[in-house]
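Start with the fold, then look at one residue.

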Amino acid sequence: MPKIKTHKGTAKVVKKRKNDIKIGRPGSRHNTGYKPASANRKNRKGSNLSKADQNRLKNVL
């Protein structure tokens with residue numbers, strides 16, 4: 001059975017951890033000067049993918 005290649009676009013945005021997958025928050029890339037500082041601080045933390053999305057991306061990573 002041939003192996004599935006890693007999707008490089010997804011691999012650059014997502015960090016695979018032991019039990020979950022970490023992603024960045026949307027809205028944190030650009031135009032942050034006019035957004036509230038509290039929103040920029042929240043975006044720094046990132047978030048985890050839901051279990052349904054983790055199952056979807058399991059073969060891609």
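The protein chain holds 3 helices and 3 strands. Helices (H or I, at least four residues) and strands (E, at least two) are DSSP runs, numbered from the N terminus. The model is predicted: local features need pLDDT of at least 70, side-chain atom pairs count only at pLDDT 80 or more, and totals for chains, interfaces and linings use all residues. Residues are numbered from 1 along each chain as its sequence is written, and side-chain values use heavy atoms, leaving out hydrogens and water.

From the N terminus, the elements run α-β-β-α-β-α. The 3 strands make an open antiparallel sheet, ordered β1-β2-β3. Edge strands β1 (14–16) and β3 (47–48) each have a single partner strand, so one side of each lacks a neighbour in the sheet. Two strands pair if DSSP finds at least two bridges between them. Strand β2 (residues 21–23) and β3 are joined by 2 bridges. Ile23 sits opposite Ser47 in β3.

Now the whole chain.

| Property of the protein chain | Value |
|---|---|
| Radius of gyration (over C-alpha atoms) | 14 Å |
| Accessible surface (Shrake-Rupley, 1.4 Å probe) | about 5400 Å² |

A compact globule of 61 residues would have a radius of gyration near 10 Å, by the rule of 2.2 Å times the number of residues to the power 0.38. Of the 61 residues, 16% count as buried, meaning under 20% relative accessible area (1.4 Å probe, protein chains only).

Asn43 lies in helix α2 (residues 37–45). Asn43 is buried, with a relative accessible area of 16%. Beyond its neighbours within four places in sequence, Asn43 is in contact with Arg25, Pro26, Gly27 and Ser28. Contact means heavy atoms within 4.5 Å.

Methods
Buried means under 20% relative accessible area, exposed over 50%, partly exposed in between (1.4 Å probe, protein chains only).
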